Every structure is written in C-alpha cells, then in structure tokens.
Amino acid sequence: EAVPRLQELWRKHEEKWPDARRPPADRSQDEPGSWRSDSGYPLNERDNRAVESEYQRIAQNEKRVTELMEDVEHASAGRLVGKEFRLKGGRRFKEKVAAARDGAPNTDIGRILSNVHDVVRYTLEYGEEKYAAGVNGDVNRMRGAGLELVRIKNSWESIEYKGINSQWRDNDTGQLFEVQYHTRISFEAKQMTHKAYERLRTITSQDPANRSQVRDLHTYQREVTAHIPIPEGATLIQDYP
C-alpha cells in the first residue's frame, strides 16, 4: 500500500535533483594500457593488468561458490534471489579498486584487491515467520560446508536499511564473497532504495551544494525502511566477530 507514495517521493527527488551525467573523463594524457573511470579515478598500466587478472580469477572462483550456495539453498528455509547479479561487473570492480587506490596511493595493489569482498554476492530470502531460524540454520549449514565466516552485521535496528549482511571465505580458493539475508519486503525495500544508495555513494556531502540533496536521500531511505516489518527474533542474531 505504501509503494505508490514512496515511488512518488523518489520521482519528486529526481525532478528536484536530476541525475546529471558527467562529461567523459579526459583520458588523452593517460599512458597506454592504463584505465580511468568515468569518475576520473585512474589505474596505471601495471595496476590495471593486476586488476584484470584478479577479476578473471574471481570470475572462475564464482562458479564453485555458486554451486556451494545452491547446495545450501536446497536445504534452506529460504531461496536465492537476484542470482543473476551474483558477479559484479568488471568495470564496476575496476572503479571500486581505482577509488580505493586514489584514497591510499601508497598501498600495494594486492592489498587493495584483497579487501574487496563483494565482487561475488548472494541474497537469501525467507518468509518472515521462518527468518530467524532460517538465517541461523543457513549460517551453520555454510560453516558445515567448509566455508569460513568472516563477518556478520545485523542491521535490523537501523533506520535506513534492514537486513543482515555477511562476509565469507571459500578456503579452497581463498575467494571472499558476500551473503545478504532478507525477507521479501526488506529485499524489495533494498531494491527500491538502491538508486538513493548509489547517489549517496557518489555525492560528497561536504559540498554545500549537495547537503540538501544528501539530507533528502537519507530521509527517503528512512521513509522506505519504516515500512519493513521486523521478523520475530531477527534482532537477536548477533554480529560477528
């Protein structure tokens, strides 16, 4: 029932702050073999080759991890949703690494690459009545399959995002990946607020011209999130470590 009003709120936001397209990044002075994102973040030739090689490795590892996650799904109270988005695009991966490199220019590229954990990602969705038991069961099931739990962050008490995000490692390949645990409504809300999240990721809130837009984006995320029912027991699932 809330969706039409929330869609109208987003329409008004876009009307007030159109999604301005950046002019193409100036690549005229870049060295051969280098790469530059549309946001202007560069990778030199050596780093660009390292990123491309790492992405090929990740894409190969994804096949094994997906098989493991499908095995988990077969015994789960939930189901995998959005599986077509399980591998982040190569261009988006480069952009993320280039932005991290820009913020830490003296850090080894291998270390930067090792800290990117969401190139491979999955979402398990549960009915509200089965959510807490389903998440706990699948966490134990994944551990039993030989996957290493790196981190769990429970955000069910957040006012701008509800759900649980986790990071895992497949020790056979060393591949890091992300698993989100949602209900149908919390997953739909995540999809509805994705554009707001992307704008917040790219906007510099310190720029006075952007402060009012940033406030409006946070308000919109809170409006959507306020309509998500919290499943019984969801807030009791503990963070890790």
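This report describes the salt bridges, nonpolar core, pocket, cavity and selected local features of a predicted model.

Residues are numbered from 1 along each chain as its sequence is written, and side-chain values use heavy atoms, with hydrogens and water left out. Because the model is predicted, local features need pLDDT of at least 70 and side-chain atom pairs count only at pLDDT 80 or more, while totals for chains, interfaces and linings use all residues.

## Salt bridges

Side chains of opposite charge can pair when their charged atoms come close. Here a salt bridge is a side-chain nitrogen of Lys or Arg within 4 Å of a carboxyl oxygen of Asp or Glu. A search of the whole structure finds 25 salt bridges.

| Asp38 | Arg27 | 3.1 Å |

The locations below refer to helices (H or I, at least four residues) and strands (E, at least two), which are DSSP runs numbered from the N terminus. Accessibility is described as buried (under 20% relative accessible area), exposed (over 50%) or partly exposed (in between), with a 1.4 Å probe and protein chains only.

The side chains of Asp38 and Arg27 form a salt bridge. Asp38 is in the loop between strand 1 (35-36) and strand 2 (42-43), and Arg27 is in the loop between helix 1 and strand 1, so the pair ties together parts that are 11 residues apart in sequence. Asp38 is partly exposed at 42% relative accessible area, and Arg27 is partly exposed at 34%.

Arg86 lies in the loop between strand 3 (79-81) and helix 3, and Glu62 lies in helix 2, so the pair ties together parts that are 24 residues apart in sequence. Arg86 is partly exposed at 27% relative accessible area, whereas Glu62 is buried at 8%.

## Nonpolar core

A nonpolar core is a set of buried Ala, Val, Leu, Ile, Met, Phe, Trp, Tyr and Cys residues joined through side-chain atoms within 4.5 Å. The largest such core has 49 residues, of which Phe177 and Tyr181 touch the most other members. Helix 2 supplies the largest share of this core, seven residues.

Contact means heavy atoms within 4.5 Å. Leaving aside neighbours within four places in sequence, the residues in contact with Phe177 include Val65, Met69, His117, Tyr122 and Trp168.

Leu80 is in strand 3 and is buried, with a relative accessible area of 11%. Apart from neighbours within four places in sequence, Leu80 is in contact with Met69, Glu70, Glu73, Tyr122, Thr123 and Leu124. The C-alpha atoms of Leu80 and Arg222, 142 residues apart along the chain, are separated by 26 Å.

## Pocket and cavity

On a 1 Å grid over the protein atoms alone, a cavity is a set of points where a 1.4 Å probe fits but cannot get out, and a pocket is an open set with protein on both sides within 12 Å along at least five of seven lines; lining residues have an atom within 4 Å of a point. Grid points are joined across faces, edges and corners, and a volume is the space filled by probe spheres set on the points.

The second largest pocket has a volume of about 210 Å³. Its lining includes Glu1, Leu6, Arg184, Met192 and His227. Helix 1 (3-16) and helix 6 (184-192) are the elements that give two or more residues to this lining, and helix 6 provides the largest share, five residues.

One cavity of 30 Å³ or more is counted, and the largest cavity has a volume of about 40 Å³. Among its lining residues are Glu160, Tyr161, His182, Lys190 and Thr225. Helix 6 gives the most to the lining of the largest cavity, with three residues.

## Cis peptide bond

Tyr240 and Pro241 are joined by a cis peptide bond, with omega about 0°. Pro241 is found in the segment after helix 8 (208-225).
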